[in-house]
Amino acid sequence: GRNPPSAAPGPIFLPMKLPPDFRKRVLAREWLCGTFLNLGSPITVEIAGLAGFDWVLIDHEHGSGGEDTMLHQLQACAATPAFPVVRIAQNETVRFKRALDMGALGVMAPYVSTAAEARAAVQAMRYPPHGIRGVAKFHRGCAFGADFEEYYLHGHERLLTVIQIETVEAINNIDAIAAVEGADVLFVGPTDLSYNMGIRDQLDSAQFKETLKKVVDAAKRHGKA
C-alpha cells in the first residue's frame, strides 16, 4: 500500500524575515558598525556582509546600480548576518515601495530638510493604518506571502527609517525632525552638509563639529540614533 502522508513540514527558512531586535538595538543607541556599498555588485555586498558588519548600506542615490542590481544585492545580503539598508535616490513614496518590496529592511532617505519631509518618509515605510505604503502579499520582502501576516503586523516596529541630514535648513529644523515618530536615525551626510554650509570638506573645523553636536543632542533628546 501507499505510505501514509508525511508530517507537516517544519518552519520555512525565510532569509529576509524581519529581525525582531535590530531596530530596538538602533534606538537603544547601541554601537552598530556598517559600510556604504556603491558598486552595484552583489559580490561586494556578500563580502561586506560576511566581514562582520552589523549593517550594509546599498547606495542607490550615488551608487552605480539600478533596480535590477538592487534585487541581486539584497539577495546576496540575505546570505549574510548583515542588516540591509538601501539609500534611495530621492524621498519619494514609490522609491520606498520598490526597495521594501525587494527586501530592504531599512531605507535611508537623502536630503531631508523639514519635519514634514521626515514624516513623509516614515509614512512611505509603513502600511496602513500606520502609513501609506501600498499593500501587496506576493513580494520578496514578505517571502512571497509566506511571512505576510507577521510582516504586515510588525513592519512598523522592525523596519528602519534613516533620515539623512545634509542641509542648513535641516540643521535649523533638527529638533522638529528628531521629534518625528519613526524617524529612527539622523544620519549626517558630511560632504553635502559642509558644502551647503559654505565650508566644504572642513569636517574638522569647530563650526562643523558644533553642527554635528546639534544633531547628536537632538537625537538624544528624542530617543533617536
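Guide: Leaving aside neighbours within four places in sequence, Val86 is in contact with Ile58, His60, Met70, Leu74, Ala99, Ala104, Gly106, Val107 and Met108. Please keep in mind throughout that this is a predicted model.

Visitor: Where does Val86 lie, and is Val86 buried or exposed?

Guide: A residue counts as buried when its relative accessible area is under 20%. Val86 has a relative accessible area of 0%, and therefore it is buried; it lies in strand E3, which covers residues 83-87.

Visitor: How are the strands arranged, and which of them are the edge strands?

Guide: In general, the strands of a sheet pair through backbone hydrogen bonds, either parallel or antiparallel. Here six strands form an open sheet in the order E1-E2-E3-E4-E5-E6, with parallel pairing. The edge strands are E1 (34-37) and E6 (185-188), each of which pairs on one side only, and the twist from one strand to the next averages 25 degrees.

Visitor: How many bridges join the strands at each end of that order?

Guide: E1 and E2 pair in the parallel sense over four bridges, and Thr35 stands opposite Val56 in E2. Likewise, four bridges join E5 (residues 160-165) to E6, and these two strands run parallel; the bridge partner of Val162 in E6 is Val185. Helix H10 (residues 206-221) lies across E5 and E6, and runs at about 170 degrees to E6.

Visitor: Which way do the residues of E2 point?

Guide: Trp55, Leu57 and Asp59 point one way from E2, while Val56 and Ile58 point the other way, and all of them are buried. Strand E2 (residues 55-59) is accordingly described as mostly covered, with five of its five residues buried.

Visitor: Which residues touch the most other members of the largest nonpolar core?

Guide: That core has 62 residues, and Val86, Phe96, Ile163, Ile165 and Leu186 touch the most other members. Helix H5 (residues 115-125) gives the most to this core, with six residues. In H5, the buried residues are Ala115, Ala118, Ala121, Val122, Ala124 and Met125, and they pack against H4, strand E4 (106-109), E5 and helix H8 (174-178).

Visitor: What is the angle between H3 and H4, and how do the residues of their contact divide?

Guide: Helix H3 (residues 67-77) and helix H4 (residues 93-102) pack at about 35 degrees, with their axes 9 Å apart, and their crossing is right-handed. Glu67, Met70, Leu71 and Leu74 of H3 meet Arg98, Ala99 and Met102 of H4, and these residues divide into five nonpolar, no polar and two charged.

Notes
Residues numbered from 1 in each chain as written. Predicted model: local features only at pLDDT ≥ 70, side-chain atom pairs only at ≥ 80, totals over all residues. Heavy atoms only, no water. Core = buried A, V, L, I, M, F, W, Y, C linked by side-chain atoms within 4.5 Å. Buried < 20%, exposed > 50% of the residue type's maximum accessible area, 1.4 Å probe, protein only. Axes fitted to C-alpha atoms, helices over the stretch in contact; angles between N-to-C directions. Left-handed = near helix turned anticlockwise from the far one by under 90°. Contact = heavy atoms within 4.5 Å. Nonpolar A, V, L, I, M, F, W, Y, C, P; charged D, E, K, R; others polar. Pairing = 2+ DSSP bridges.
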